[in-house]
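Visitor: I would like to learn how to read a model of several chains, feature by feature. Could you take me through this one?

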Amino acid sequence: MIAAASTFGVLLLLYVLIPLAPGWAGVKKSFFNAEVFAKTFPGLLDAFLLDVAIFLWSAPLIFILGLLIALCRDVRSPALYPLKLFGMAYTDIFRGVPVILVIYLIGFGIPGLGLPRPWNSPYIWGTVALVLTYSAYVAEVIRTGIESIHQSQRSAALSLGLSESDTMRYVVLPQAIRRVVPANMNLFIALQKDVALLSFIGPVEIFRQAGVYKSLMANFTPYVGAALIFLAITIPATRYADYLMAKQSRARQ
Amino acid sequence: MKILMTTAVLLATTTGAFAQCASGLTMTEDTLTIATGNPAYFPWVIDDAPESKQGFEAAVAYAVAEKMGFTEDQVTWVRSSFDQAIQPGAKDFDVNLQQFSITEERDEIVDFSVPYYSAAMAVVTRQPVVDGGAKATLGSLKELAWGAHATTTAVPMLTEIVQPNADPLLYGDNADVVEAMKANQIDAALMDLPTALFTAAVLMDDGVVLGQFPPERSENPDQFGMILEEGNPLKACVDAALASLTSDGSLAAIEAEWLSATTGVPVIK
Amino acid sequence: MTQLHVRNLHKSFGSNQVCNGINLSVESGEMVCLIGASGSGKSTLLRCLNLLEPIDDGVIELDGVDISEPGLDPRPIRKRIGIVFQSYNLFPHMTAVENVMLAPRRVHGLSKESLLPAVTALFERFGLRDRMGHYPDQLSGGQQQRVAIVRALAMKPEIMLFDEITSALDPELVGEVLDVLRQLRSEGMTMVLATHEMGFARELATKVCFLDAGVILEEGPPSEVLASPAHPRTQAFLARVL
């Protein structure tokens with residue numbers, strides 16, 4: 001009751017005070033312009049389809065590569081040690097370099113080596129850059145998941161005569177992946193937004209489209225429109241990730 | 001009030017008493033604060049050093065300042081982006097010039113001076129594309145893979161006049177556009193003629209300016225104007241200075257000095 | 001016939017010498033109970049027998065064949081020696097029957113359909129028929145431990161090892177697990193148990209071995225070791241637990 005009243009009070013205060021600021025008329029015209037919003041919203045929605053498409057084809061690749069890298073880091077046999085080193089180097093490098101740098105280097109650099117069309121497309125190499133970067137994060141998350149599975153599970157599986165690879169595949173991984181679903185969800189929510197970075201190397205997704213409108217109309221409202229479209233996806237996704245985390249901590253008790 | 005100001009300025013113009021024109025109207029008294037891009041590109045500014053007065057826009061800026069009664073030392077340069085120029089609220093410059101095209105929509109948010117340059121839009125491409133059969137005709141241009149700087153008027157020009165078969169790829173600045181061309185991800189790009197000439201000659205090994213769309217084309221002549229804060233009374237002063245430079249031939253001379261290479265480029269049919 | 005023969009087994013973890021020269025013989029069909037304080041080496045010994053841990057020194061022979069040679073593939077041996085742990089270690093993401101069928105399917109390449117009759121019979125034998133489709137978190141501790149035993153038995157081992165399998169159970173659930181062990185004993189399974197259940201050991205064990213500081217200090221029939229231990233440390237230990 002008190003919580004509701006105080007929240008209402010704060011909102012009312014904001015609603016009354018903000019328009020009283022001297023520059024409000026200008027800010028409203030520049031950022032919250034209804035006419036510009038209406039004119040640009042359909043085009044933004046259309047451009048957003050590209051963001052969705054990039055996300056949909058990147059996410060599975062990221063998960064698969066992340067899983068492979070995590071398995072590399074987990075190898076125990078001395079003969080496969082180079083794989084383990086590779087896994088460590090990979091996650092260090094790709095978690096350390098800013099995504100946009102990777103996108104530029106790979107998105108322009110590799111096609112610049114002389115690939116013919118359509119193999120030099122920014123869609124392909126931009127996606128490669130995103131996949132390489134994000135799979136490093138996913139690999140780390142899965143690795144912590146694998147390490148969180150108690151050694152006794154492995155012992156039990158091995159003692160039954162199961163091979164190391166079957167132990168990983170049927171016993172450890174199913175549990176590990178399930179455990180890190182909330183952490184992975186957070187990564188994929190972040191991916192949803194970083195997809196927009198592909199705009200730097202050409203594709204006209206929502207961020208770029210908003211920029212074009214901004215330039216044509218000298219108005220920032222298209223960015224507000226783009227933000228709203230993003231939030232329409234990320235907020236439900238975040239709530240769902242929270243729900244999964246809560247469910248998991250309840251189950252543990 | 002505005003009519004009085006304009007009358008006063010006109011009088012000042014005709015009597016040559018410019019010194020009073022801008023007094024009290026600039027951000028800092030006795031100083032004209034001019035903004036340009038970061039970095040500022042050739043041939044608009046040479047070596048990213050507008051204080052050197054080298055480059056078309058640098059030269060125009062100092063010429064206008066002089067007409068308005070400011071000495072060289074009374075000109076201060078700042079750097080700003082297009083976004084900073086159009087955002088609401090007070091600006092940190094008196095005038096801003098960096099190849100801003102005057103459009104109606106923009107004019108509602110900021111004020112433009114009278115034009116100081118009519119820009120032709122030109123097509124930049126690579127020799128291999130020309131060898132492959134690209135010509136300076138609309139029909140041929142439609143077939144090409146296009147790129148452009150996203151926040152320029154090249155974009156509406158592409159969509160309205162060229163109407164390429166494939167959707168253009170858009171980039172954050174001309175440097176990225178050039179990268180994409182080098183990576184053979186796009187065949188051609190649209191940019192203003194002086195920048196196009198510089199790009200093809202200096203930034204690319206095999207660059208070619210295929211043709212130009214003359215500025216006096218039907219719909220939207222592309223004209224550069226200086227940006228001022230909406231309603232800034234200084235505009236009248238700046239306009240008067242530019243009018244004077246135009247009528248006495250100084251503007252044409254500056255153009256001839258810095259943008260002389262722009263003749264001789266074929267016109268797109 | 002000596003099925004399992006351990007000679008001079010040494011195992012240390014870092015600087016911690018856990019097994020300090022263990023000698024043990026297990027005949028076919030025997031039930032050997034290992035008793036002793038925690039840290040005395042019982043669990044480690046069992047894990048070494050099953051080749052979960054490599055030994056530092058000594059020999060383990062199964063049916064006269066050295067199985068402890070370093071570099072030997074442990075998997076064929078693990079199929080012949082089953083082990084059940086104190087904390088059951090059932091796979092929580094699988095039902096009871098899936099837990100049991102996983103190893104036979106993957107190791108022997110058998111299909112679910114072909115395994116089901118035999119597996120169902122196993123569940124039936126130990127009174128767990130109606131629990132086959134349940135997940136471990138839906139079972140009581142005693143039921144989980146019994147499923148763990150069934151899981152190990154499904155691989156048809158020649159020897160079964162039990163590492164204090166009732167220590168983690170509530171007292172009222174211990175009985176049902178011991179019943180399973182009785183049943184196995186009566187069927188002639190060779191068993192080695194680490195246990196605190198002295199009454200059970202006295203009832204069923206062929207041989208009781210008292211471990212202390214990584215060696216077997218005393219061994220013999222339960223009537224001797226448990227009723228009238230010879231070694232003072234055995235006496236001290238039994239005085240504490242009995």
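**Reading the chains and their contacts**

Guide: Buried residues make up 46% of the 253 residues in chain A. Please keep in mind throughout that this is a predicted model.

Visitor: What does "buried" stand for here, and what share of chain C counts as buried?

Guide: A residue is called buried when its relative accessible area is under 20%. For chain C, 55% of the 242 residues count as buried.

Visitor: How many helices and strands does chain A have?

Guide: Chain A holds eleven helices and zero strands, and its pattern along the sequence therefore reads α-α-α-α-α-α-α-α-α-α-α. Its radius of gyration is 23 Å, well over the 18 Å that the globule rule gives for 253 residues, so chain A is more spread out than a compact globule. The box filled by its C-alpha atoms, taken along the principal axes, is roughly 75 × 65 × 25 Å.

Visitor: And what does the secondary structure of chain C come to?

Guide: Chain C comes to nine helices and ten strands. Here the radius of gyration is 18 Å, close to the 18 Å that the globule rule gives for 242 residues, so chain C is as compact as a globular protein of that length. Along the principal axes, its C-alpha trace spans about 55 × 45 × 35 Å.

Visitor: How should I read the contacts within a chain by their distance in sequence?

Guide: One takes the contacts between residues at least 6 apart in sequence and asks what share of them joins residues at least 24 apart; in chain A that share is 78%, and in chain C it is 66%.

Visitor: How many residues of chain C are in contact with chain A?

Guide: In that interface, 22 residues of chain C meet 18 residues of chain A. The buried area is about 1700 Å², of which carbon and sulfur atoms give 61%. F91(C), H93(C) and R106(C) lose the most area on the chain C side, together 33% of what that side buries. Chain B and chain C, by contrast, are joined by no contact, and their closest C-alpha atoms lie 48 Å apart.

Visitor: Is F108(A) buried or exposed?

Guide: With a relative accessible area of 5%, F108(A) falls under the 20% cut-off and is therefore buried. F108(A) is found in helix α5 of chain A, residues 99–112. Leaving aside residues up to four places away in sequence, F108(A) touches residues of both chains, including I103(A), F200(A), I201(A), Y171(B), D176(B) and Q185(B).

Visitor: What covers the buried residues of α7(A)?

Guide: Helix α7 of chain A, residues 151–159, is mostly covered, eight of its nine residues being buried; among them are R154(A), A157(A) and L158(A). The cover includes α8 (164–179) of chain A, together with α1 (42–49), α2 (75–80), β6 (81–84) and α5 (141–153) of chain C. After α7(A) comes G161(A), whose phi is positive, near 100°.

Visitor: How does L12(A) count at 43% relative accessibility?

Guide: L12(A), found in helix α1 (residues 2–17) of chain A, counts as partly exposed, because 43% lies between the 20% and 50% cut-offs. Its C-alpha atom is 17 Å from that of W24(A), twelve residues apart in sequence.

Note on methods: Residues are numbered from 1 along each chain as its sequence is written. Chains are lettered from A and ligands numbered from 1 in the order in which they are written. This is a predicted model: local features need pLDDT of at least 70, side-chain atom pairs count only at pLDDT 80 or more; totals for chains, interfaces and linings use all residues. Side-chain values use heavy atoms; hydrogens and water are left out. Helices (H or I, at least four residues) and strands (E, at least two) are DSSP runs, numbered from the N terminus. The radius of gyration is taken over C-alpha atoms; the globule rule is 2.2 Å times the number of residues to the power 0.38. Buried means under 20% relative accessible area, exposed over 50%, partly exposed in between (1.4 Å probe, protein chains only). Contact means heavy atoms within 4.5 Å. Buried area is the accessible area (1.4 Å probe) that two parts lose on being put together, summed over both.
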